[in-house]
Amino acid sequence: MHYIGNDVKDNIINRFSSHVSSGKADFFKRVGIDFVFGSRQGAYVWDAVSSKRLINCHCNGGVFNLGHRNPEIVDVLKKSIDELDIGNHHLISEMRACLGEKMAELSPGDLSHTVFGVGGGEAIDLAIKLARGYTRKINIISAKGGYHGHTGLSLATGDAQYRDPFGPNPEGFIQVPFNSKEALEQAVDENTAAVIFETVPATDGMPIPQKDYFRFALDLCQKNGALLILDEIQTGLGRTGTIWGFENFGVVPDIFVTGKGLSGGIYPMSATCFSAELETFFNKNPFIHISTFGGAEAGCPVALTVLEITSRPEFLDHVQKLADIFHQGFAALQKKHPAILVNLRQLGLMMGIEMVNEHCGPVLTKALFDNGVLSVYANNNPKVSQFLPPLIMDSDLAKETIQRVDKSLEDTKTMLDL
Ligand SMILES: Cc1ncc(COP(=O)(O)O)c(C=O)c1O
């Protein structure tokens, strides 16, 4: 029994359209991307039916940090399901304890406790619940154009276009422009429970925070009895060359959230991490927040292996080395294509290709696809293409990828007459 390529392409697309999402099927037809996710290995993914191959520089926002079907991860999952299953989310769990302990070991400061979830939105929801429950205050300040998920409270932090169809936003959510200390200072007051930011807001086109922005936010929070939550769902787990992205800014948030890559691309897992002091909130009712599948035991050895690989010094060195290759490559491309390429927004391998106008992102996405690279423009800032290669990519492939970007920029210029 195989799971890939059992039908012809048109049938797969039609069945997807009839039973999963007609809107998505129509969209991809319209933009000329008829790719069906098929075989996958390392940095590559193949079409399920044709021989079309893509270098995955989207990586689902970091899910495939360690590449597709990383052999170490696959082996661990196979062993894990020989012995474990989901476990019971109410009872004491040896594997969750091991994973919580490892998270604490790899987290700076006094961040000793973790609540596990399945997806990022759920873990952000818990971060906000905890901030409100602990501080007994209501206001949550987030960034305009930011993205923390599409579940209840995470959705409430985001832009109106994603939440307006679903009724009034819950009370207390305030957005400020990212990177503006002035706006933050005006928004935070004694009613603020938390300030929540992505360390690098991917959906907003990867604006890189000013070096002292999070320090400023943390000080402001401390002055007002509020908490700083950093969303490390894309920036965590080695993506920026350090285990956690916020390490680049010399701060330790009160709460941080990780997900995506924590699953090794193979078993869903997310985590909300905080101090023992914040954990006291749960003393009164430790069952006030539960998640049946959160931190499922079968996934814990997978996440432990991800953390073990990610924290190897040689792994983080490799990320830095790749980041340098992309930095140099894009500097050369900028000289070659000044009519389109403005800048590479970059923190390690968290990258955004900034172009001259908002038509460029969608057109570059298609051009990259035609040239064998999967990368998607930033939804809330379409002049930027998000660029997240797998962290395990080798130097030769990084250089080949830059060549493919070169060709794609040329094609985009032609298509847009730039
Ligand atoms: C920064 C960030 N936070 C939260 C989320 C939500 O995660 P999930 O889709 O797993 O709910 C995402 C997903 O793209 C994200 O990129």
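View 1. At a relative accessibility of 1%, Cys 59 counts as buried (buried means under 20% relative accessible area, exposed over 50% and partly exposed in between, with a 1.4 Å probe and protein chains only). The model is predicted, so that local features need pLDDT of at least 70 and side-chain atom pairs count only at pLDDT 80 or more, while totals for chains, interfaces and linings use all residues. Residues are numbered from 1 along each chain as its sequence is written, and side-chain values use heavy atoms, with hydrogens and water left out. Although Cys 59 is not a glycine, its phi is positive, at about 55°, and its place is in the loop between strand 3 (53–56) and helix 3 (71–83) (helices, H or I of at least four residues, and strands, E of at least two, are DSSP runs numbered from the N terminus).

**View 2. Asn 60 in the loop between strand 3 and helix 3.** Asn 60, also a residue other than glycine, has a positive phi near 50°, and at 31% relative accessibility Asn 60 counts as partly exposed.

View 3. A nitrogen atom of the ligand lies 2.7 Å from a side-chain N or O atom of Asp 231, whereas a ligand oxygen atom is 2.7 Å from a side-chain N or O atom of Lys 260. A backbone N or O atom of Gly 121 is 2.8 Å from an oxygen atom of the ligand.

Notes:
Polar contact = N/O pair within 3.5 Å; in protein donor to acceptor, adjacent residues only side chain to side chain.
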